[in-house]
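Thanks, everyone, for making the time.

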Amino acid sequence: MELLFSNDEIHIYDDFAHHPTAIKKTLEGLRNRVGSDPDHWLLEMRSNTMSGGFHDKEIPSAVEKADFVHIFSKNKSQALGIAKKAKNIVAEESVESFLSKWKKTPGHYVCFSNGSFDEVHQKLIKLVDNKKNKNTYSLSLKQVEAILELRLQKLTALGINEIEVELKK
């Protein structure tokens with residue numbers, strides 16, 4: 001499992017997924033590392049055995065300890081069939097559909113695939129990074145008041161002509 005992005009709230013990982021046993025071990029490993037932090041698992045049914053339905057019966061038990069599991073499959077009936085077997089699994093229509101309704105909920109997001117997964121990793125990272133504009137500042141009320149007080153002190157020390165020039169800055 002590779003950590004691709006991390007900030008104070010959201011952590012995005014990539015992991016090669018091709019077998020329910022490996023998925024379960026990865027899930028357990030992350031859970032041991034992050035404790036009760038929310039986890040979100042995005043599973044693309046891409047390999048021949050996954051897309052062919054060979055592991056459909058094992059997937060619900062492999063992810064039973066996950067908080068949220070999102071299944072992506074070109075075979076929509078396959079995804080729906082797996083989702084019906086566990087209340088923590090949702091069959092997703094597409095990566096675009098998932099991203100359009102994503103709320104940027106804090107937690108750990110693990111993207112399981114053995115392919116490009118429609119670049120979901122990069123798209124998630126872009127959405128998280130765009131959440132905060134790098135040209136803005138976050139100040140507390142106390143900081144704003146201190147800045148305004150300094151500005152007022154500077155203006156009161158100036159003459160009338162100098163105040164006009166200063167206000168135009």
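This is a predicted model: local features need pLDDT of at least 70, side-chain atom pairs count only at pLDDT 80 or more; totals for chains, interfaces and linings use all residues.

Let me begin with W41, which, once its neighbours within four places in sequence are left aside, is in contact with T26, L27, L30, A66, F68, V69, H70, V110 and F112. Confidence in the chain is highest in β4, at 91, and lowest in helix α8, residues 160–167, where the mean is 71.

Which core does W41 belong to? W41 is part of the largest nonpolar core, which has 22 residues, and it is listed with L43, I59, V63, I71 and I89 among those with the most contacts inside that core. The elements that contribute two or more residues to this core are α1 (20–34), β3 (39–44), β4 (68–72), α4 (76–83) and β6, and the largest share, 4 residues, is the one that comes from α1. Apart from this core lies another, of 16 residues, and F5, I10, I12 and W102 are among its members. As general background, nonpolar side chains in soluble globular proteins tend to be buried together.

Let me stay with α1 for a moment. This helix has 15 residues and reaches 21 Å from its first C-alpha to its last, which is close to the 21 Å expected at 1.5 Å a residue. Its buried residues include P20, I23, T26, L27, L30 and V34, and because these cover an arc of only 120° around the axis, they sit on the same side of α1. In an α-helix there are 3.6 residues a turn, so residues three or four places apart point the same way. On the other side of α1 you will find K25, N32 and R33, which are exposed, while the buried residues are covered by elements that include β2, β3, α2 (48–51), α3 (59–62) and β6. Following the helix comes G35, with a positive phi near 65°.

Now to the strands, and in particular to β2, residues 10–16. Of its 7 residues, 5 are buried, so β2 is largely enclosed by the rest of the structure. On one hand, β2 is joined by 4 bridges to β1, residues 2–6, in an antiparallel arrangement, and β1 and β2 make a hairpin with 3 residues between them. On the other hand, β2 pairs with β6, residues 107–113, in the parallel sense over 7 bridges.

Is F117 buried or exposed? At 1% relative accessibility, F117 counts as buried. Leaving aside neighbours within four places in sequence, F117 is in contact with L42, L43, E44, R46, F72, V95, C111 and F112. For one of these, R46, the separation from F117 is 71 residues in sequence but 8.3 Å in space, C-alpha to C-alpha.

Most residues other than glycine have a negative phi, and most peptide bonds are trans. D118, which lies in the loop between β6 and α6, has a positive phi near 50°, and E119, also in that loop, has a positive phi near 55°. D118 is partly exposed, with a relative accessible area of 42%, and E119, at 48%, likewise counts as partly exposed.

Finally, α6 itself. Here V120, H121, L124, I125 and V128 are buried, and since the buried residues of α6 fall within an arc of 135° when seen down the axis, they line one face of the helix. Those buried residues pack against β1, β2, β3, α5 (95–101) and β6.

To close, I would return to W41, whose contacts include V110 and F112, and to F117, whose contacts also include F112. I am happy to take questions.

How values were computed. Residues are numbered from 1 along each chain as its sequence is written. Side-chain values use heavy atoms; hydrogens and water are left out. Buried means under 20% relative accessible area, exposed over 50%, partly exposed in between (1.4 Å probe, protein chains only). Two strands pair if DSSP finds at least two bridges between them. A nonpolar core is a set of buried Ala, Val, Leu, Ile, Met, Phe, Trp, Tyr and Cys residues joined through side-chain atoms within 4.5 Å. Contact means heavy atoms within 4.5 Å. The expected span of a helix is 1.5 Å times one less than its number of residues. The arc is that of the directions from the helix axis to the C-beta atoms. pLDDT is the predictor's confidence in each residue, from 0 to 100.
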